[in-house]
Amino acid sequence: MRRTVIYWVMKYLLLGPLLRLVFRPRIEGVENIPDTGGAVLASNHLAVADSFFLPLMVPRRVTFLAKREYFTQKGLKGRLKKAFFSGLGQVPIDRSSGAAAQAALDTGIRLLSQGSLLGIYPEGTRSPDGRLYKGKTGLARMVLEARAPVVPVVMIGTDKANPIGSKLWRPHRISIKVGKALDFSRYDGLAGDRFVERSITDEIMYALMELSGQEYVDIYAAKAKELLAAEAAGVRPKVPAQPTAHDAARVPESKVG
């Protein structure tokens, strides 16, 4: 109950009015988001700011799965960070191992089954260059288990307001486009089938590509970051390896950061 109160206070009294004043965000297609019941908002991920503007502009409360580290820092600063991220609708998860990844999946399924609107970034991390990268199949597993629809969402302009590495945000108009919900009920009972889960994930990424106009790259964003870092360091990058079943099934990050 306390977290719910903090969420709405942040949205309508503290942070929300300032963000609306400075960045003049707008949203189109909001009618495509179900009024009730569990559903996933599957969004592209350009900047930290995505996790601020998406819940700001969506009428329903949006819940994200976030790194546990945001909630475990000690001292006054740690308590303030915990309260802040809780107020933004973040739920802490551990992603450090296979067992932790499964627990995170279970958390997402539980939230969807309880009727939550769950925000997920299928790419697993922010795009390093503004392009759209391959989605991780943990999202598909949750959708199949919870039998929830997926609403594609694209953020536009957040990377200009909050460039990677920037400490201060810059005034820039933010836009959000919401596409029509995707129904995957035709795959009921097939959770765990990696080919079905990949097919669902690719369909979601195609919808995001169509909605955003971003160039699609068929590798994971995390691998793209490794390649870019190696290139910047003058190191010859390794040929990307095929993802393992654990890598592909990890829960996509929906964090602030």
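Ring pairs join Phe23, Phe52, Phe53 and Trp169 into a cluster. The model is predicted. Across the structure there are seven aromatic pairs. Phe53 also belongs to the largest nonpolar core, where it is among the residues that touch the most other members.

**Aromatic cluster**

- Phe52 and Trp169 pair edge-to-face, with 5.2 Å centre to centre and 90 degrees between the planes.
- This pair links distant parts of the chain, 117 residues apart.
- Phe52 sits in helix α2, while Trp169 sits in the loop between α6 (158-161) and β8.
- Phe52 has 11% relative accessibility, so it counts as buried.
- Trp169 has 27% relative accessibility, so it counts as partly exposed.
- Phe53 touches Leu19, Phe23, Pro25, Met155, Thr158, Trp169, Ile174 and Ile176, leaving aside residues up to four places away in sequence.

**Nonpolar cores**

- The largest nonpolar core has 31 residues.
- Leu41, Phe53, Leu54 and Val153 touch the most other members of this core.
- At least two residues of this core come from each of α1 (2-23), β2 (39-43), α2 (50-57), β3 (62-67), β7 (150-156) and β8 (175-178).
- Helix α2 gives the largest share, five residues.
- A second, separate core holds 27 residues, including Leu111, Leu112, Ala140 and Val150.

**Charges over rings**

- Arg61 lies over the face of Tyr7, 5.0 Å from the ring centre.
- Lys134 places its charged end over the ring of Tyr220, at 5.1 Å from the centre.

**Helix α8**

- Helix α8 covers residues 221-232, a run of 12 residues.
- At 1.5 Å a residue, α8 should span 16 Å, and its end C-alpha atoms are 16 Å apart, so the two values agree.
- Which residues of α8 are buried? They are Ala221, Ala224 and Ala230.
- An α-helix has 3.6 residues a turn, so residues three or four places apart point the same way.
- Strand β6 (132-133) is included in what covers the buried residues of α8.
- Gly234 follows α8 and has a positive phi, near 75 degrees.

**In brief**

- Phe53 is a member of both the ring cluster and the 31-residue core.

Notes:
Residues numbered from 1 in each chain as written. Predicted model: local features only at pLDDT ≥ 70, side-chain atom pairs only at ≥ 80, totals over all residues. Heavy atoms only, no water. Helix = DSSP H or I, 4+ residues; strand = E, 2+ residues; numbered from the N terminus. Expected span 1.5 Å × (residues − 1). Buried < 20%, exposed > 50% of the residue type's maximum accessible area, 1.4 Å probe, protein only. Contact = heavy atoms within 4.5 Å. Core = buried A, V, L, I, M, F, W, Y, C linked by side-chain atoms within 4.5 Å. Phe/Tyr/Trp six-rings, centres within 6.5 Å; stacked < 30°, edge-to-face > 60°. Lys NZ or Arg CZ within 6 Å of the ring centre and 35° of its normal.
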